[in-house]
Amino acid sequence: MREIVLDTETTGFEPGEGDRIVEIGAVELIGHMPTGRTYHQYINPQRTMPAEAFAVHGLGDDFLADKPLFKDIADDFLTFIGDAKLVIHNAAFDMKFLNAELGWLHKPALPMDRAVDTLMIARRKFPGSPASLDALCRRFGIDNAARTLHGALLDSEILAEVYLELIGGRQPDFALAQGSAGSTQQDGTVWRAGPRPVPLPSRRTAEETAAHTAFVTAMGDDAVWKRA
C-alpha cells in the first residue's frame with residue numbers, strides 16, 4: 001500500500017481571501033515504511049507575505065521571488081502523489097488549499113476521502129490530550145529539535161514518524177494483512193479478533209493427561225490445582 005505523508009506552508013488561512021501555498025513537502029511510504037522518496041517545492045505565491053505567516057515558516061518575499069508558480073509545478077506534484085492516500089495533519093486545511101490551487105488551474109479536485117487525518121486519529125486515540133505535531137512528538141519520544149520554524153518537508157518527515165506510531169509502530173501488523181488482531185485502522189479504531197467458531201482440539205495426549213493427574217494427586221488434598 002502506497003501512502004504520501006504531506007504538508008504545506010501558506011501565506012495565511014483562507015485561499016478565498018487571496019492566500020496561497022508557498023511550500024509543499026511530501027514523503028512516500030510503502031507498506032507503512034518510508035522509501036526514501038520525497039517531494040519538495042517552494043512556490044512563488046504572487047503576493048506579499050504577511051508578517052504573521054513569515055513568523056511561522058520564515059519564507060519571505062525575496063526568497064520566494066524566483067521560485068516557480070503553482071501552475072508550473074502542478075503536474076509534477078500530481079505525478080508524485082499519484083492515486084495514493086494522503087496522510088496529513090489537519091487534512092481539511094491542506095486539502096482546502098491544494099484544491100483551491102488546482103481549481104484555479106481548472107484541474108480536478110483531490111477527493112477528501114483520499115486524506116488520512118492524523119489530527120483526528122490522535123484526538124480519537126488520546127481524547128482530551130494535546131494533539132499538535134509537537135505534542136505528539138513529545139508523547140512518542142520523536143526528536144523534533146530541528147523544527148525551530150515550520151517547514152513542509154521537515155514537518156512531513158516528522159509526521160511520517162508520528163503516523164507510524166499512531167497506527168502501532170513501523171510494522172503495525174507484523175507484516176500480516178491489515179485487520180490482524182489488535183491492529184489500529186487508519187480511522188483510529190482498533191480491530192480485534194473474535195472467538196473461533198470451533199475451538200481447536202486439545203494437543204495433549206492421553207499419556208500426558210494421566211501423568212498430570214498422578215502428579216496433582218501425589219501433592220495431596222491441599223494442592224492449589226484441586227481448589228481452582
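This is a predicted model: local features need pLDDT of at least 70, side-chain atom pairs count only at pLDDT 80 or more; totals for chains, interfaces and linings use all residues.

Student: What about rings with rings: how many aromatic pairs does a search of the whole structure find?

Tutor: The search finds six aromatic pairs. One of them is formed by Phe 13 and Phe 93. That pair is edge-to-face, with 6.5 Å centre to centre and 70° between the planes.

Student: Where do Phe 13 and Phe 93 lie?

Tutor: Phe 13 lies in the loop between strand 1 and strand 2, and Phe 93 lies in helix 4 (residues 91-104), so the pair ties together parts that are 80 residues apart in sequence. Phe 13 and Phe 93 also form one aromatic cluster with Phe 97.

Student: Is Phe 13 buried or exposed?

Tutor: Phe 13 is exposed, with a relative accessible area of 66%.

Student: New topic: where is Thr 11 found?

Tutor: Thr 11 is found in the loop between strand 1 (2-10) and strand 2 (21-30). Thr 11 is buried, because its relative accessible area is 2% and the cut-off for buried is under 20%.

Student: What does the side chain of Thr 11 make a polar contact with?

Tutor: Its partner is the side chain of Asp 19, at 2.8 Å. Leaving aside residues up to four places away in sequence, Thr 11 touches several others, including Gly 18, Val 22, Pro 45 and Met 49.

Conventions: Residues are numbered from 1 along each chain as its sequence is written. Side-chain values use heavy atoms; hydrogens and water are left out. Helices (H or I, at least four residues) and strands (E, at least two) are DSSP runs, numbered from the N terminus. Buried means under 20% relative accessible area, exposed over 50%, partly exposed in between (1.4 Å probe, protein chains only). A polar contact is a pair of N or O atoms within 3.5 Å; within protein, one must be able to donate a hydrogen and the other to accept it, and residues adjacent in sequence count only if both atoms are side-chain atoms. Contact means heavy atoms within 4.5 Å. Rings of Phe, Tyr and Trp (its six-membered ring) pair if their centres lie within 6.5 Å; planes under 30 degrees apart count as stacked, over 60 as edge-to-face and the rest as tilted.
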